[in-house]
Amino acid sequence: MSAGPLLELQGVAKRYATGRTAVEALRGIDLRVDRGEFVALMGPSGSGKTTLLEILGCLSLPSEGRYSLAGRPVEEIPADGLAKLRGEEIGFVFQSFNLLPRLSALENAELPLVYRRVGRGERRERARAALERVGLGGRERHLPGELSGGERQRVAIARALINRPRLILADEPTGNLDTTTGGEIMALLAGLHAEGNTVVVVTHDARVAERADRRLTIRDGRIAEDRSTH
Amino acid sequence: MGLLDVLRQALRTLAAHRSRSILTLFGVVWGTASVIFLMSWGEGVALMIDRGLMKTGKDMGQVWPGRVSEEFTPAADRRWLWFTDADIDFLRRRARLPELLGAEWWEWLTAARGPRSINADVRGVDPEVLAIRGVPVAAGRSITEADLAHRRRVALLGEKARQRLLAPGEGVGTRIRLGGQPFEVVGLLAHVGTQLSRDRAEIDEMIWIPITTAQTHFPAWWTDEPVVNRVLYRMRDRSLRVETETEVRALLAERLRVGATDEEAIGIFSSVEMLEEIQVDRIVGVLFIIAVTTLLVGGIGVATMMLDAIHQRRREIGLRLAVGARRRDILLQILLESLGITALGGVLGIGFGVAACAGLARLHVEDLIPLPVLRPGIVATAVVVLVFVGTTAGLLPASRATRVAPAEVLRNE
């Protein structure tokens, strides 16, 4: 994969107004992630790592500072453009899976294609291939409630990669899983990285973080440590 | 999102709270059925009033001679006026706006059959009057030009006049006396029923004879001319009522040498004017407002149910936004869901409303209350109102849904 910055943050800060007090979740993040990197975001709870992931995924905008995704300053992109960006360039994996409970595995996986106006036939085909890729061939018709935790997370990963995004963002993807299953999920993410995807994983589990080739530690809204292992 | 997905989601929203959904749907069903039923019923009321008023003669105007008004002549010589055959001929030649013009003679006469006698409203009529009144002959024949030419002593009896005058079993061919003169009953008029407008007696109580016979056998005491008591006309179009009256009055005034606008000299009345004054549209309008309000209340039910559903589906909405849905995709989805729920209730409501209209018609109570008249336009109106209600009910929930912040709702719990 070609190197070069995929994500670039300069002085990014994020404040929330909760009731009367303002919470400063991020205070001046400078960060550059190149294409093809596998980054782990670590830190104690409340350190701001999830907030940072949300900003990276364009789910929320920085209160201050600049964030460029693939060279484009995010704050200049209109709302519909951000939606398109989220749908086409970014794949999300959440700790609590966030599958729609009444849709089958196949329908969950194809959801991003629905909003790209992809035809039903192609949608089905690509969703089937994605489920195959995460080892869920033959489970297409199951509802999330009929799947184990690990299988649900695989469906979520299939959904994240269905648009062949440049960036996969995972927030505690193994947090709700046992160690063995968590290991399988991490192996899957590592495999995606090996295929050239840029992956950013939020975790507080050191063993999970070991899979990444770059580990960022966040404390009190700042990057406290930035170590590359490879 | 396909349309089918949206409908499925609408059903899911309904299924999530069964008893509440039933109440909500009931509101929409009831409201829609009300729109259909009340509007059809209003249509029926309007039709009943129209028919009732038109029973004396469809789109008919009646003209009678009066007395020159004080505004046109000194009180001392306010002369009385009367019409003659020559005036009617003049009017027939000159008037353009009436479609038909007829001459009528009237008198209260003693009608007798054997030992029975009644005081009857006897009308001398010509074929035009018969056409304007439009009452079919139930038995025997009508009065013809030949009857007029030969001044025959023949009579048509209204339904009640026959019941009062003739013995059971007697009918066409019976000999009766009118004002002492022998007449033969040649025809019986069909049942007319309750009139909302009448001139003296109801048609059912009248006895009709040829006008020439009446003029010959019961002449006026003040003149030798053949007197016509009233002119009846049918206007070409209801909307030309005033113009027709103005023309007829002006022509007769010219002929009788009175003021062209003297309403005391030439009196004109039309049941079309009564119809205009009753303002049936307003009755229908009030019924429409009542019905639509009921439906709007049903819409409020849909809106609150949707708001609740949106609150419970924040995570789903957040996720859809995260995987590429634009705000307007979400807006459209929620609006369509609201429309879907409303459509479900609406289809049921239209069914019930139509069934109620049909059911009332099968009870055969048309003599007691007006029957609803269902027109396609009423169903179309109900559909338009439903689309409005469904969209409006979806607006608040939809705008609430688009304000979901994905970052907040997707956070791990």
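This passage describes the interface between chain B and chain A, then a helix of chain B and a residue of chain A. The model is predicted; local features need pLDDT of at least 70, side-chain atom pairs count only at pLDDT 80 or more, and totals for chains, interfaces and linings use all residues. Residues are numbered from 1 along each chain as its sequence is written, chains are lettered from A in the order in which they are written, and side-chain values use heavy atoms, without hydrogens and water.

At the interface, 21 residues of chain B are in contact with 27 residues of chain A (heavy atoms within 4.5 Å). The buried area is about 2,300 Å², with 53% from carbon and sulfur atoms; this is the accessible area (1.4 Å probe) that two parts lose on being put together, summed over both. The rule finds 3 salt bridges between the chains (a side-chain nitrogen of Lys or Arg within 4 Å of a carboxyl oxygen of Asp or Glu). B:Arg328 forms a salt bridge with A:Asp80, the closest N and O atoms being 2.3 Å apart.

Helix H11 of chain B spans residues 314-322 (helices are DSSP runs of H or I, at least four residues, numbered from the N terminus). Of its 9 residues, 7 are buried (under 20% relative accessible area, 1.4 Å probe, protein chains only). Among them are B:Ile317 and B:Arg320. Just after H11, B:Gly324 takes a positive phi of about 115°.

In chain A, A:Arg126 is found in helix H5, residues 120-133. A:Arg126 counts as buried because its relative accessibility is 18%. Not counting residues up to four places away in sequence, A:Arg126 touches A:Leu113, A:Val118, A:Ile162, A:Asn163 and A:Arg164.

Notes:
Buried < 20%, exposed > 50% of the residue type's maximum accessible area, 1.4 Å probe, protein only. Helix = DSSP H or I, 4+ residues; strand = E, 2+ residues; numbered from the N terminus.
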